[in-house]
Every structure is written in structure tokens, then in C-alpha cells.
Amino acid sequence: MVYDVVVGGKPYRLELEKSDAGWKCRLDGKEIRVDAVVPSRDVLSLLIDGQAFEVKREQTPHDLHLWVGSTRFGVELHDPRSLRARRSAAADEKGPRKIVALMPGRVVRLLVAEQGEVEAGQGVIVVEAMKMQNEIKSPKKGIVKKVVAAAGAAVNAGDVLAIVE
Amino acid sequence: MFKKILIANRGEIAVRVMRACREMGIATVAVYSDVDRAALHVRKADEAYPIGPAPASESYLRIDKILDVARRSGAEAIHPGYGFLSENAKFARACVDAGVKFIGPTAESMEMMGSKTRARQHMEKAGVPFVPGTARGLTSPEEAEQVAERLGYPVMLKAAAGGGGKGMRLVHTRTELRSALESAQSEAQRSFGDNEVYIEKAIVNPRHIEIQVLADEHDNTVWLGERECSIQRRHQKVLEESPSPIVDPEMRRRMGEVAVRVAQAANYTNAGTVEFLVDQQKNFYFLEMNTRLQVEHPVTELTTGLDLVHLQIHIANGEKLPFTQQENSIRGHAIECRIYAEDPDNNYFPSPGKITLLLPPAGPGIRHDSGAYEGWTVPIDYDPLLAKLVGYGSDREQAVMRLQRALYEYFVAGIKTNITLFQRILGEADFRAGKLDTGYLDRLLARGNSQIAAHAPEPRIAAIAAGMFAVLEPASSLAGNGSASASAQAPSNWKQKGRAEALR
């Protein structure tokens, strides 16, 4: 198996090959012997040259995080043979941008109406969860083209609340 | 002894009270809102009954529904936990009227303590030291200005019915006073249904130290040492410890004796906490009395060897305290971390959601009181407290080391928690030196996190782990589709473009 891995913004090429005693792993060409087991879901025990690491995996709709001990790493994993992976790397930054709920909650009020102008970083929608109100801000300067969420509506993390263009 | 107790609460405290009941051979009755059907406290109870929709005002705050469950289930007593109805005098009175024992003080004691201004008038008579200020609510902005002038700025505005920092405002100058007063009054009205606000001299960089008291119904009142609760954020406690790094036996005794006088002046019964502000010269001033079991009661339990919930139940059963003041002693050191569902990378905003992985800590000197479990969805409707992690050691140093070790073991995925915050606090120089005040945490957070662990593992380990996960556990990984993290943001660029076009 060959993977392109990005850890904290830095790319690595990782090749994995099953061997008799664990895995033969080449990281950017450097050979490392790895013994790995998954003792329970989302938990990985790695033994590398006698060093033991417990790694936990956390997957959200947007991110993959791996915790080595108590240190968190943001990770992207691509199979270089996949066309899709290459395409997504060149995602379009222009055009409409979504304003997404960061956490589940209830929409308290809208601060900007549809067709209203917003500056980058300006609050657009207030979402309340656990007695705390969180202002969700516009990712760019533009016009609020569409407001999907209504005041009082329950939303989940990742839900699109509005579109700014 | 009671045969059955209803617990009018949820989360970790409901579970904690149920554990005590089971230890004592008492059956437990849980109540739950619609979103709490799968909550841990329902699973741990002997009986459980629904009491309405998610909003607390339609469920956990509904006196009528809770007393109806008590009647139907035959519960002889109600433990209110903390929050919700725990300091509601109407509820305590309604319990008496319904012939159910309320495990806590009487409605009269609560009413006296519930209003900070009334408590003050009473306590001053008992010789309890107070921060200089008005003992009555302010009647006008002009009066506020006059009093503030006399006390000297900075001053603190406080809601008479307040708690948890609601309706509190620190005012540095005369120009800020009027608008601060208005906002404190409206916040007090919204939060407590009472807009009475009073004014005090602000103590600069105070410590918040409180004394646990216990009183039986036979006029015996004891104090059980202090808890240092100076590490707070937005007036909410985050970390508590006992004993306080600055309290010596002599100061402890003096504070304890004042706390007992406070309790006696209010004819107080059952468990309560007397809160003090302590200035830099170690003068202490009465702040308020909390007429309930506190969130942070475990640190007192660990250092006194007592079980406060057992004692609450025995007291409510009409029994005498089984020990005297002299028979009590404090041993070792305990520190509690409040594990909240909140996002350290997003200004500590709440982070409800589903817990996909939970690895709780264990081992020597560790107590973990939790209301959460793996697979549970933390609802959006309540306080974000998930669990309390308490470390105990023969001294402060050892308690800190044990907690650091436990925090290293502790892992929660799916939602964000403030676990990393405690790793930071426990390793920080001022905390280690016991140099604490209520501004400590804000200052720490303002500094930003430059403290990158020296022994941080290499990113290369994470890179290898990412590949190994993809190979060994592809089922719950998206790697099979070619890309783990890219798939969510780009299922198809064609689709995205199409949607974007449709919005034009």
C-alpha cells in the first residue's frame, strides 16, 4: 500500500508492506519496522524499535485527528492512485462559501438578512447550545445569498446555515 | 432509614447520589427529560420516569411533575443534587407539603441565604466579616454612584438572587457604572426573575476559598476544611483543591468557626458551603452560602475520608452527626478537574454531540465521577459538565503528578473537551507555586499556549499510524475511498458547482 500523508501541513510518502513480523514501512524512502495492532476500535498500538505508542483516532465530518499519547495531529490521508484525492487537493476557493454550524444547537437569531452585505469575520447567525450563544461569522466579504436556517431551528454540526457570495 | 429516594437531577451528580443510595441499600428513582432517555443516570437507577421535554423549565424544573413521580413511585425522600431545584425554597416547601423529605436545608434557611442582601443583614448581626458595601438592593443609579464614590473604585455589582456569575459586573470607573448597572439588572431579571442588584467594593485579585459545613437536625454543626476554588472562568469554577495552598491550621480554624456561625445564624441543616473571598493579606470576607451539595464536594470527601452524600441521607433521616469537630482531621491533598464538553480551540464554546471514543483514566489516587459513556450523545440543552476527575495524594505534589498521569490516560473523541487545559494548568509555574487568584485562568488563557511539550512525539509517528489505521481498520475509515479527510469536503466538485449555480 502507498499513501500520501499530510501531518500538520507537512507531506510524507508512506509505503506499507506486510512482512512476517509485522509491517515493513518506508517513510519518505526510509525503512522502518513496525508492529501494529488495533486492540479496540479507533485505538492503535504501535511498536517501533521497542518504543511503544498508543494512538487514538478521531474522525469528524471535516477532519481526521490522530492523538499520539496526548498530542494531537491533524492528518490527511490520500491514496495517490485515486483521482478524487488529487482533484480535491485543488478545491476552489472562489465563489460561494457556506456558513456552517460548528456545533449542534438552536438558531437564536439572524444578524444579517438575505441579500445583506457582510464583511469577512462579521457575525451572521447566532447559535445557542448549552446556555452559551455563539456568533457564527462570515468567511468572506460579500452578499448573504441565502439563509437556510430560521430562528428557532435545531441544527447539527456541519449543517449549512447560510451561503455568502 | 428511607427505602426509596428520588433523585431530581441528571448527569454525573445523579449517578453519584444513586451510587451512595445503592451502597446504603436504598432503592433509587430517576427522572428524565425526552433527550435523556439514554442518559447514564437512567441506566443506573432502579426506577425511572419521564418528566417532559428537553428544556429544563418543562422537565427538571417542574416541581409538580417531580412530586407526582415521587407519589407514584413511593419515594420517601428527594435528593436535588446541585443546580436545577436544589436551592429552590418553593420546591423544599412543596416536598414538605407532599410528605416527602427534602434532603437539604429547610425552605426558611434557603430563603434567607438565597437573597444575598437578606443573608448579609442577618450575618452581620452574627459578627461575620463582609466586604464593604450595601446590604440592600440599589434603588437608583444615583444611589449607586454615591455608594461607589464612598467605597472607592473598582466596585462590584451583584444580583441579590445571583449565583454562577450571572448578574455580576466589575466596574472600574464612574463612567461605566450606569450601563453596567442596567445590564446587571436586566441579566438578573432574566436569570432569576428578580432585578435586585447591590454594590460592593471589589477586592483586587482575590482568592475564592470556601468551607464545607454539615449540620444535623439536633443543633450540631461542624466544618470540614476548605476548598480553594480560585481557578475560574466567566465566574464558573474549573479546578478546585483541598486544602488551599495558603490556608494554615490557624486560618482554617478561624474560617471554619465563622462558617459554623453563618450556618447557625440561618438555622442551617444538612450539607452546605460557606464561600469567602480572601484578599492578598489573607483577610477573608463572607461571600455567600450555597445551600446544597457542591459540584466540588469530592475533594473534601477525599481529604476527610467522609462520604458527604451518605451523611446527607443520615442527617435527613433525623440522625445525629456521628462525629464531633475534634474527631475530624484533614489528610493528604485532593484536586478536582471539571471536564466540560467545550472546545479549547474555539474559545471554550460548548461542544455537544456524540462521544465516539472514551478512554477513562483509573489507577491509584484517581476518582472519576462521570455522567457520560462511549456512544452517548451529549445533549445541547444542559450544562456542559461531563465528568469530574479528582486526584488524591499524600501531598499536593503527588496529587498533581497523579492527575497529570490520569489526564494523559484520559481520552474523549467525537466531542471536544477541556482536558488539554488541565494539562496546561497543572504544569504551569504559578499553579505549582500555589499562586492563585480568580484572575489566574483568564491571564493564563490570554498568554496563549506557547507551552509545546518538550517530549512531544514526532509527526512521523502520526504519519505511520495514519497508514496503519487505514490498513488494519478500514471499516470505520474513509481511506478505502481513496481519501480519509478529503471525502467530506469534496464528495464531488461537479455536485458542488451545480449547487452553487442553482443558488445564483
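Student: How many residues does the contact take from chain A and from chain B?

Tutor: In this predicted model, the contact takes 61 residues from chain A and 47 residues from chain B. Strand 8 of chain A, residues 71-78, gives the most to the side of chain A that touches chain B, namely six residues. That side of chain A has 36 nonpolar, eleven polar and 14 charged residues. For the complex, the predictor gives an ipTM of 0.73 and a pTM of 0.81.

Student: Why are helix 4 of chain B and helix 5 of chain B called roughly antiparallel?

Tutor: The axes of helix 4 (residues 89-97) and helix 5 (residues 107-114) of chain B cross at roughly 175° and come within 8 Å. Angles over 145 degrees count as roughly antiparallel, and the two helices of chain B are therefore described in that way.

Student: Which residues make that contact between helix 4 and helix 5 of chain B?

Tutor: Helix 4 of chain B contributes B:Ala89, B:Ala92 and B:Arg93, while helix 5 of chain B contributes B:Ala107, B:Met110, B:Glu111 and B:Gly114. By class, these residues are four nonpolar, one polar and two charged.

Student: What makes helix 1 of chain B and helix 11 of chain B roughly perpendicular to each other?

Tutor: For helix 1 (residues 11-23) and helix 11 (residues 308-316) of chain B, the axes come within 9 Å and cross at roughly 65°. The class of roughly perpendicular covers 65 to 115 degrees, and the pair is therefore placed in it. The crossing of helix 1 and helix 11 of chain B is right-handed. The contact is formed by B:Arg16, B:Val17 and B:Ala20 of helix 1 with B:Val309, B:His310 and B:Ile313 of helix 11. Four of these residues are nonpolar, one is polar and one is charged.

Student: How do you know that strand 12 and strand 13 of chain A pair?

Tutor: A pair requires at least two bridges, and strand 12 (residues 123-129) and strand 13 of chain A have six, in the antiparallel sense. One example is A:Ile125, whose bridge partner in strand 13 of chain A is A:Ile136. Both strands belong to an open sheet of four strands in chain A, with the order 13-12-10-15 and antiparallel pairing.

Student: Why do strand 13 and strand 15 of chain A stand at the edges?

Tutor: Strand 13 (132-137) and strand 15 (154-155) of chain A each have a single partner strand, so one side of each is left without a neighbour in the sheet.

Conventions:
Residues are numbered from 1 along each chain as its sequence is written. Chains are lettered from A and ligands numbered from 1 in the order in which they are written. This is a predicted model: local features need pLDDT of at least 70, side-chain atom pairs count only at pLDDT 80 or more; totals for chains, interfaces and linings use all residues. Axes are lines fitted to C-alpha atoms, for helices over the stretch in contact, and angles run from 0 to 180 degrees between N-to-C directions. Angles under 35 degrees count as roughly parallel, over 145 as roughly antiparallel, 65 to 115 as roughly perpendicular and the rest as oblique. Two residues are in contact if their C-beta atoms, placed from the backbone, lie within 7 Å. Ala, Val, Leu, Ile, Met, Phe, Trp, Tyr, Cys and Pro count as nonpolar, Asp, Glu, Lys and Arg as charged, and the others, Gly among them, as polar. A crossing is left-handed if the near helix is turned anticlockwise from the far one by less than a right angle, and right-handed if clockwise.
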